Amino acid sequence: MRSQKVAGALVERIRALVDRPVSLMEVCGTHTVAISRWGLRSLMPQELRLLSGPGCPVCVTPVSGIDRAIAAARLPGVAVVTFGDMMRVPGSSSSLESERAGGADVRIVYSPLEALAAARAEPGREVVLVGVGFETTSPAIAATVVRAEREGVRNLSVLPLFKLVPPALEVLARVPGRPLDGFLCPGHVSVIIGARAYEPVAERFGIPCVVAGFEPVDILAGVAMLLAQAQRARDDSGKAEVETQYRRAVTPEGNPAALRLLDEVFEVCDAEWRGIGAIPRSGYAFRERFRAFDAVARLGLPETRVPDESGCVCGEIMLGLRQPPDCPLFGTRCAPRTPVGPCMVSSEGACAAFHRYEMSGGADGR
């Protein structure tokens with residue numbers, strides 16, 4: 001999947017398929033990083049634009065969600081447990097990293113089960129897991145909640161900040177003033193939800209979708225498949241379809257066990273996306289049976305209303321209307337060590353990837 005010979009052949013095929021201005025969007029932070037890291041953008045013909053969507057779960061976590069995690073960390077007898085990439089994400093006045101430096105009990109874990117272990121070990125302490133992620137992460141957290149219920153662990157709760165990808169694609173498809181010729185769909189999420197989950201987007205909006213893996217050859221092959229489909233549609237009036245390049249991991253129906261688990265624990269709800277705003281039916285809330293595990297209700301965590309960062313255009317970047325260097329803060333006020341907007345917050349954000357790999361003119365590991 002890193003063969004230069006195969007990659008070279010795919011680049012030639014891509015160039016042969018582009019005979020007009022074309023815009024494709026990858027909707028996965030891992031794709032975004034791979035495109036920058038391997039210098040794939042520089043191999044594309046000038047008429048082809050690769051746009052980055054809101055595919056980084058940390059980036060799209062709203063400030064209000066971070067503020068709630070911070071509010072929990074400030075409560076006596078509470079330990080906030082989170083994945084490491086959430087530590088430096090700025091809330092309206094602080095971050096979890098700053099709260100820990102100030103004495104709050106904030107812990108980094110690599111698995112939701114570590115939060116359950118912490119709750120078991122300290123029954124007198126309330127353990128709050130920050131529930132961030134797309135459909136890739138949420139099944140593991142759902143499984144942890146089910147296990148906690150079965151074991152009778154009552155001092156574990158979850159701050160639900162989950163996001164769903166297909167509703168975001170519908171928002172992206174409706175953006176005026178930015179024609180889109182195809183979605184490069186996320187491989188990890190698709191392992192869970194299956195390729196068929198994108199069929200409504202292809203059918204309703206006429207935008208081809210290709211699920212691709214994360215190696216350079218995967219991505220180039222996915223781009224070539226999107227271009228070929230767009231050309232067929234133009235030449236033969238063919239309809240937009242969902243195709244899977246990442247067949248070694250993704251099936252049409254996804255992972256039925258994981259989907260049943262998600263449906264058992266959660267119900268779909270509206271959700272706020274940092275930089276974009278509210279998207280209907282794009283998040284998960286606890287079902288009544290599991291509502292005791294909802295940290296917001298259990299701890300009475302307040303809701304804050306915070307405007308997007310002044311001068312930051314991350315929302316337009318995630319909608320495909322601008323590229324990272326178009327932002328007036330890019331590389332000056334906003335950098336990976338001092339992020340202002342969501343796309344610079346996480347290493348999987350479009351601005352962070354662009355800043356790390358493309359502004360330096362080199363690709364790490366290329």
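Let's start with a pair of helices: α5 passes α6 in a right-handed crossing, where right-handed means that the near helix is turned clockwise from the far one by less than a right angle, and left-handed that it is turned anticlockwise. Before going on, note that this is a predicted model, in which local features need pLDDT of at least 70 and side-chain atom pairs count only at pLDDT 80 or more, while totals for chains, interfaces and linings use all residues. Residues are numbered from 1 along each chain as its sequence is written, and side-chain values use heavy atoms, with hydrogens and water left out.

The axes of α5 (residues 112-121) and α6 (residues 138-151) come within 8 Å and cross at roughly 25 degrees. That makes the two helices roughly parallel, because angles under 35 degrees count as roughly parallel, over 145 as roughly antiparallel, 65 to 115 as roughly perpendicular and the rest as oblique. Axes here are lines fitted to C-alpha atoms, for helices over the stretch in contact, and angles run from 0 to 180 degrees between N-to-C directions. Helices (H or I, at least four residues) and strands (E, at least two) are DSSP runs, numbered from the N terminus.

Which residues of α5 and α6 meet? From α5 come P112, L113, L116 and R120, and from α6 come A140, I141, T144, R147, A148 and E151. They divide into six nonpolar, one polar and three charged; Ala, Val, Leu, Ile, Met, Phe, Trp, Tyr, Cys and Pro count as nonpolar, Asp, Glu, Lys and Arg as charged, and the others, Gly among them, as polar.

Now for a sheet. Four strands line up in the order β4-β3-β5-β6, forming an open sheet with parallel pairing (two strands pair if DSSP finds at least two bridges between them). At its edges are β4 (106-109) and β6 (156-162), each pairing on one side only. On average, neighbouring strands of this sheet are turned by 25 degrees against each other, direction ignored. Helix α5 packs on this sheet, touching β3 (78-83), β4, β5 and β6, and its direction makes about 170 degrees with that of β5. Contact means heavy atoms within 4.5 Å.

Seven bridges join it to β5 (residues 126-133); V130 stands opposite L159, and V132 has L161 as its bridge partner. Is β6 buried or exposed? Seven of its seven residues are buried, so β6 is largely enclosed by the rest of the structure. Buried means under 20% relative accessible area, exposed over 50%, and partly exposed in between (1.4 Å probe, protein chains only). Both faces are covered, with L156, V158, P160 and F162 on one side and S157, L159 and L161 on the other.

In β3 you'll find T82, which is buried with a relative accessible area of 0%. Its contacts, not counting residues up to four places away in sequence, include M87, L96 and V130.

Five bridges hold the pairing of β1 (residues 22-26) with β2, and E26 has S52 as its bridge partner.
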